[in-house]
Amino acid sequence: MDYLLVASGLVCLYFGAEWLLRGTVSLSRRLDIPTLLVSLVVIGFGTSLPELLVSLRAAFAASPGLVLGNVVGSNIANTLLIIGVGAAISPMKEWDGAVRRDALVMLAATTLMLLLVQFSAVGRIAGLVMVVLLGVYLRQGYRKARRDPSTRIVETIEGEELPWSRIAILIAASLTALFSGAELLVRGATKLAVDFGVSEAVIGLTVVAVGTSLPELATAVVAASRRQSDVTVGNVVGSNIFNILFILGVTALVLPVPVAPRFSRFDVPVMLAAAAVFTAAILLDRPVNRLFGVLLLVLYGGYLALAI
């Protein structure tokens, strides 16, 4: 039954995110909201909503290990698993110049998180700081994208313009699926932790983290098959930034998040090391070939073994 709860939760989160993205993008077109604003806010918020709901539900359920495990595990999975899978399918040789700036922001946000987990909890002040930093980042990204219409973020807006009735149904169904998925996933994950005698942090770092990263993984597979490495790189960098500044920031703002010692000693340093290597590859314009992709997958396997 625990497995069924987790599986059902992941399915609900996946389809909820897909429906929300389609509905909100179409709604923005109906309301004539600028495409740049949609790409920066709607897509970033829509793809991060599953992680946010899972983290908030876990916080209110007094399962702080799932909150941090979800954020840290998702970022490690994004960098090692998703980039690894994408590079193993098709080498990543080029990406948009704007990603270099975003990669530095990702590295800075990861460093900030390493500092925050040195304390016993991530409090409301820290949460407010992260949310403000995200607002500054979005504002700068919007200004830059406005000056350079060819930037990659504009190219992510796709899909047909839907009728009002279908938009309403999609958004309502997506929110229902997302809330239900978060509830089912947290319940199932918590019970699995008890059944296997492991901490909630381990379940959050593995099952929950990989599950909430499924949309990014699916995007990476499709982009790699089409040899669009810039899409995968941009998706991973943006997701990592939102996971730290948005997911953890909002959750801590609502309810302070206790920090287990393992995060400061092992998991977050691993996340920072992975982010640093990935950022170096982007800044130095080093292609991520198949061999490097396989190496990332091996490292991810090793991390999971050590984490468990």
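The chain holds 12 helices and two strands, where helices (H or I, at least four residues) and strands (E, at least two) are DSSP runs numbered from the N terminus. Along the sequence the order is α-α-α-α-β-α-α-α-α-α-α-β-α-α. This is a predicted model, in which local features need pLDDT of at least 70 and side-chain atom pairs count only at pLDDT 80 or more, while totals for chains, interfaces and linings use all residues. Residues are numbered from 1 along each chain as its sequence is written, and side-chain values use heavy atoms, with hydrogens and water left out.

**Whole chain**
- Of the 308 residues, 51% count as buried, meaning under 20% relative accessible area with a 1.4 Å probe, protein chains only (exposed is over 50%, partly exposed in between).
- Contact means heavy atoms within 4.5 Å; among contacts between residues at least 6 apart in sequence, 89% join residues at least 24 apart.

**Helix 3**
- Helix 3 covers residues 64-89, which is 26 residues.
- From first C-alpha to last, helix 3 reaches 36 Å, close to the expected 38 Å at 1.5 Å a residue; the expected span is 1.5 Å times one less than the number of residues.
- A kink of about 35° in helix 3 is centred on N78, the bend at a residue being the angle between axes fitted to the seven residues ending there and the seven starting there.
- Helix 3 is largely enclosed by the rest of the structure, because 23 of its 26 residues are buried.

**Helix 3 against helix 8**
- Helix 3 packs on helix 8 (residues 200-212) at an angle of about 50°, with the axes 7 Å apart.
- That angle makes helix 3 oblique to helix 8.
- Residues of helix 3 in this contact include P64, G65 and L81, and those of helix 8 include E200, A201 and T212.

**Helix 11**
- Helix 11 (residues 261-283) has 23 residues and reaches 32 Å from its first C-alpha to its last, close to the 33 Å expected.
- Helix 11 has a kink of about 35° at D267, shortly before the proline P269.
- Among the buried residues of helix 11 are D267, M271, L272 and A275.

**T110**
- T110 lies in helix 4 (residues 98-116).
- T110 counts as buried because its relative accessibility is 1%.
- Leaving aside neighbours within four places in sequence, T110 is in contact with I244, M271, L272 and A275.

Note on methods. Axes fitted to C-alpha atoms, helices over the stretch in contact; angles between N-to-C directions. Parallel < 35°, antiparallel > 145°, perpendicular 65-115°, else oblique.
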